Amino acid sequence: MSSLFDSLQVALKTMGNLQTGISVVNDNVANVNTPGYTRKRVIFEESPPVITPEGAIGTGADVLRIEAARSEFLDRRILSEQQIQGNLAGQQFALEQIESVLYNEGQPGISDQLTKFFNSMSELASDSSSLSRRQVVLGEGAKLADSIRSAYNTLSSLREANRTEAKNSVDKINLLLGQIADLNVELEPLVSLGMDGGSLQDQRQELMGQLADQLDFVSYQDDSGAMTITTSGGTPLVVGGESNRLVLEESNDGIRIKVDGADVTADLNNGRLAAYEKIDAETIPSYLAGLNQFAEALADEVNSIHASGAGLDGVSGRDFFTYSATDPVGSLQVALTDPAAVAAAAVGAGAGDGTVAQQMADLRDQSVTSLGGNSLADFYSNMVFQSGLDARYVQDSLANQQKVLTQLQNQRDSVSGVSLDEEAVNLILLQRSYQASSRFIQVVNSLLQETMNLIG
Amino acid sequence: MRVSENMNVRSFLTNLADLRSRLYKSSLEVSSGKSLRDPSDDPVGAARVLRIRDQMSRIDQYYRNINQSRTFLAATDDALNSVRNLITSISEKAAYGLNGTLSQDARDAIASELDQIQGSLLHTAGTTIDGKRIFSGSEVLKEPLVLGSDGVTYTYQGDQNALSVEISEGLQIQTNVAGSDVFTAAGSDLVNTVKQLADALRADDSGAVHVLMGKVDQATQSLDVCRTRVGQSLNQLETAKAQLDQRAFNLTAEISGLEDADLAEAATSLSQNQTALQAALRTGASLQSTSLFDLIG
C-alpha cells in the first residue's frame with residue numbers, strides 16, 4: 001500500500017529529472033554554433049517498483065545517463081579527410097607563389113630577358129663595329145643574369161617563409177598533443193565509469209581535428225577512454241597523459257622532423273607539416289636546381305661560341321659569362337667590361353663581321369644537350385608549365401576535397417548537430433511535464449489538506 | 001534526413017564562400033581583361049604565351065634589322081647608280097676622244113675630265129654610313145681603295161666577307177657589295193682603267209683606247225650583276241617585312257585568344273554571380289532567423 005507522501009516524493013523526483021532535461025536542452029541550445037559540439041540527450045529509466053501484496057507499484061523515473069549523439073565512424077572519416085585537406089592547403093600557397101615568380105607576367109622576367117639578350121646579339125650581328133650595340137649586349141647579358149638571380153632569390157626566400165610555416169606547424173602540433181594528453185587524464189575517471197565524456201570528449205575530438213589539419217596520425221581509444229596517438233609509422237605521440245614533442249631540424253637538403261631523437265620525416269604523408277616538408281625538401285630545390293642548370297647551360301653555350309670569335313681588338317678565346325660551379329646562379333656575371341671585347345666577328349675578319357654574334361643569336365633555337373635536348377627558352381617554359389600544372393592540380397584537388405569534407409561534416413552534423421526545432425519541441429515536452437508534476441503536487445497537497453480537516 | 005543548425009550554417013557559408021570566390025574571379029577577369037593571369041589558369045596556354053611573347057619580341061628585332069639593312073642597301077644602291085652614270089660618261093667621253101678630227105688639246109681636256117671621273121669613283125667607293133665604309137667588306141673601318149707605292153695604281157684593301165643580317169627566323173641577307181667587285185674587278189679594273197684611258201688619250205694611242213673601252217664595257221656588266229643583287233635583297237626585305245606583319249598579326253590574335261577574357265561572357269557571368277550572391281544572402285538571412293523558439297512563448 002503506498003501513501004500520498006510517497007506520491008509527493010515521486011513528483012519531486014520527476015521535477016528534478018525534468019530540470020536535468022531542461023539543462024541539457026539549455027546546453028544544446030547554448031552550443032548550437034560551438035565547433036565540434038555533440039548534441040546531448042537525457043536517457044530516462046523507470047525507477048525500481050515497490051512490491052506490494054497487490055502488485056508492483058512504479059516509483060517514477062530516474063536519469064540513467066546523459067548520452068552524446070556521436071558517430072565514431074564519421075569522426076574517423078573526417079579526421080583522415082582533414083589530413084588530406086591540410087596537406088593540399090599547405091602546398092597551395094607555396095605552389096601559387098612559385099608559378100607567379102616564374103611567370104612574372106608584365107615584368108621583364110627571365111623569359112623576356114632571354115629574348116632581349118638574343119635580340120641584342122642579332123642586332124649586334126647587323127652592325128658589329130658599333131660600340132653602342134656592343135654596350136647593349138653587355139647590358140642585356142647582365143640584366144639576364146640579374147633576372148635569373150632575382151627569381152632564384154625569391155624562391156629561396158619563399159623556402160625560408162615556408163620553413164617558418166613548418167616551425168609554426170610543429171609548435172601548434174606540440175601544443176595540441178599536450179592538450180590532448182591533458183584531456184586524456186581528465187576524461188579517465190568519467191570514461192572508466194562507462195559515462196560519456198561530454199564536452200571534454202567533444203573538445204578532444206575538436207583538438208584532434210585541428211591536429212589532423214597539421215599532421216597525419218593514427219589514433220585509437222582504449223578502455224580507460226585515453227586516446228593514443230601515433231605517427232603513421234607507429235612512433236607514439238600521445239600515450240595516456242604523456243605526450244612527445246616533435247622537433248624540427250634544419251639542413252640544406254630540407255627539414256627533418258624528429259620525435260625523441262627518431263627521424264619520423266618519412267611518416268609524414270599528409271597534413272600541413274608534410275606539405276611544408278615536401279615544399280622545402282623537394283619542390284623548391286627542384287626549381288632552384290632547374291635555374292642553376294639553366295644558368296650553367298646559358299653560360300657554357302654562349303661562352304663556347306664567344307671564345308671562338310674575336311673582339312674589335314682581334315683577341316679571341318674570351319668568355320662572355322663567368323660563374324662558379326658551386327653556386328651557378330648566384331655567381332653568374334658578364335665577364336667582359338670593355339664593349340670592344342665582345343667577340344662578334346670570326347677570327348681574322350674585319351670589324352664589321354658579325355658571324356659569331358649571329359651564331360650566339362642562333363643559339364636561342366638550338367637544342368642544348370645539358371638541358372635534355374631542349375632549347376634554353378623551351379627548358380624555361382617547361383618549368384613554367386610544370387609550376388602551373390602543380391598549382392592547378394592542388395587547386396582542383398583542394399576544391400574536390402573541400403566538397404568531400406563538407407559532405408562528411410554534414411553527415412556528422414545530421415547525427416550530432418543541434419537542431420533548434422527539436423530542442424524547442426523537447427523543451428515544450430519538458431515544460432508540460434513540469435507543469436503536470438507541479439499540478440500533481442497541488443492536487444496531492446489538497447488531498448492531504450482534506451485528510452487534515454478530517455482530523456481537526 | 002535530420003537537419004541540424006550547423007548544417008544550415010555550413011552549407012550557407014560554403015555556398016557563400018564559393019559564390020564570393022566566383023564573383024572575385026569574374027570581377028578580376030572583367031577589370032583586368034585577362035582570363036590567363038597565372039600559369040595554373042591554363043598551364044599549356046601559359047607556356048604558349050611565353051613562346052608567343054618571345055616570337056613577338058623577335059619580330060620587333062627583325063623589323064629593326066630590316067630597317068637597318070634597308071638603309072645600308074639603299075646607300076649601296078645609290079652609290080652603284082652613280083657608278084653606273086660615271087661609267088656611261090666614261091664610255092661617251094672615250095668614244096668622243098676617238099674622233100680623229102679632235103685636236104690634241106681637246107683630247108687632253110677629255111683626259112682631265114676622265115681624271116675627275118676617277119676622283120668621283122674614289123669618292124663613291126669611300127661612301128660611309130655611321131662611319132662605316134660600305135664597300136670594304138667586313139673591314140668597315142678601312143678605306144676600300146688605297147694608292148699603291150707606284151703612285152698610280154689603286155688596290156682594294158677590304159675583304160670579301162659578306163655582311164649578313166638576320167631579317168627573319170633562319171633568314172639572313174647579305175647587305176653589302178665588296179668594293180673589289182665594283183672598282184677593281186678582274187678583267188675590268190674600273191678605277192685604274194679610267195686613269196689608263198686618260199693617259200691613252202693624252203698619248204693619242206687609239207689602239208689602247210679601244211682595248212680599255214672593252215674593259216669599261218666589262219665593268220658595266222659586273223656592275224649590273226651587283227645592282228641586280230642589291231635590288232633583289234631590297235625586294236627580299238619587303239617580302240620578309242610583309243610576312244612578319246602577317247605573323248605579328250596572327251600572334252597578336254593568338255595571344256589575345258589565350259590571355260584575354262571574353263568580356264561579354266565575363267560581364268554576363270559577373271552579373272549572374274552577383275545575382276546568385278544576393279539570393280544566397282537573402283535565403284541565408286531568413287533561414288538563420290527561423291526556428292520554433294520564435295513561436296513558443
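Trainee: Which element supplies the largest share of the lining of the second largest pocket?

Mentor: In this predicted model, the second largest pocket holds about 780 Å³ of space and is lined by 32 residues. Helices α2, α5 (199-214) and α9 of chain A, together with α1 of chain B, each supply at least two residues of that lining. The largest share, 7 residues, comes from α2(A).

Trainee: Which residues lie nearest the centre of the second largest pocket, and how does its lining divide by class?

Mentor: By class, the lining of the second largest pocket divides into 9 nonpolar, 14 polar and 9 charged residues. As for the residues that lie nearest its centre, they are Gln82(A), Glu206(A), Gln409(A), Arg412(A) and Arg10(B).

Trainee: What is the volume of the largest pocket, and which element gives the largest share of its lining?

Mentor: The volume of the largest pocket is about 1,100 Å³, and 28 residues line this pocket, with Gln395(A), Ala399(A), Asp18(B), Ser21(B) and Lys25(B) nearest its centre. At least two lining residues come from each of α2 and α9 of chain A and α1 (5-32) of chain B. The lining divides into 6 nonpolar, 11 polar and 11 charged residues. The largest share, 9 residues, belongs to α1(B).

Trainee: Are the axes of α2(A) and α6(A) roughly parallel or roughly antiparallel, and why?

Mentor: Two packed helices are described by the angle between their axes and by the distance between those axes. For helix α2 (residues 72-103) and helix α6 (residues 271-308), both of chain A, the axes come within 7 Å and cross at roughly 30 degrees. Because angles under 35 degrees count as roughly parallel, α2(A) is, relative to α6(A), roughly parallel.

Trainee: Is the crossing of α2(A) and α6(A) left-handed or right-handed?

Mentor: In the contact of these helices, residues of α2(A), including Gln83(A), Gly86(A), Ala94(A) and Leu102(A), meet residues of α6(A), including Gly271(A), Ala275(A), Ile279(A) and Tyr287(A). The residues of this contact divide into 11 nonpolar, 7 polar and 2 charged. As α2(A) passes α6(A), the crossing is right-handed.

Trainee: How many cavities of 30 Å³ or more does a search of the whole structure find, and which element gives the most to the lining of the largest cavity?

Mentor: The search finds 3 cavities of 30 Å³ or more, and the largest cavity has a volume of about 120 Å³. Of the 14 residues that line the largest cavity, the closest to its centre are Ser111(A), Leu114(A), Ala377(A), Arg51(B) and Asp54(B). Two or more lining residues come from each of α3 (110-126) and α9 (376-416) of chain A and α2 (43-97) of chain B. The element that gives the most, with 5 residues, is α9(A).

Trainee: Which elements give two or more residues to the lining of the second largest cavity?

Mentor: The second largest cavity has a volume of about 90 Å³. Of the 13 residues that line this cavity, the closest to its centre are Ser126(A), Asp127(A), Gly352(A), Lys132(B) and Leu163(B). The elements that give two or more residues to this lining are α3 of chain A and β5 (164-168) of chain B.

Key. Residues are numbered from 1 along each chain as its sequence is written. Chains are lettered from A and ligands numbered from 1 in the order in which they are written. This is a predicted model: local features need pLDDT of at least 70, side-chain atom pairs count only at pLDDT 80 or more; totals for chains, interfaces and linings use all residues. Side-chain values use heavy atoms; hydrogens and water are left out. Axes are lines fitted to C-alpha atoms, for helices over the stretch in contact, and angles run from 0 to 180 degrees between N-to-C directions. Helices (H or I, at least four residues) and strands (E, at least two) are DSSP runs, numbered from the N terminus. Angles under 35 degrees count as roughly parallel, over 145 as roughly antiparallel, 65 to 115 as roughly perpendicular and the rest as oblique. A crossing is left-handed if the near helix is turned anticlockwise from the far one by less than a right angle, and right-handed if clockwise. Contact means heavy atoms within 4.5 Å. Ala, Val, Leu, Ile, Met, Phe, Trp, Tyr, Cys and Pro count as nonpolar, Asp, Glu, Lys and Arg as charged, and the others, Gly among them, as polar. On a 1 Å grid over the protein atoms alone, a cavity is a set of points where a 1.4 Å probe fits but cannot get out, and a pocket is an open set with protein on both sides within 12 Å along at least five of seven lines; lining residues have an atom within 4 Å of a point. Grid points are joined across faces, edges and corners, and a volume is the space filled by probe spheres set on the points.
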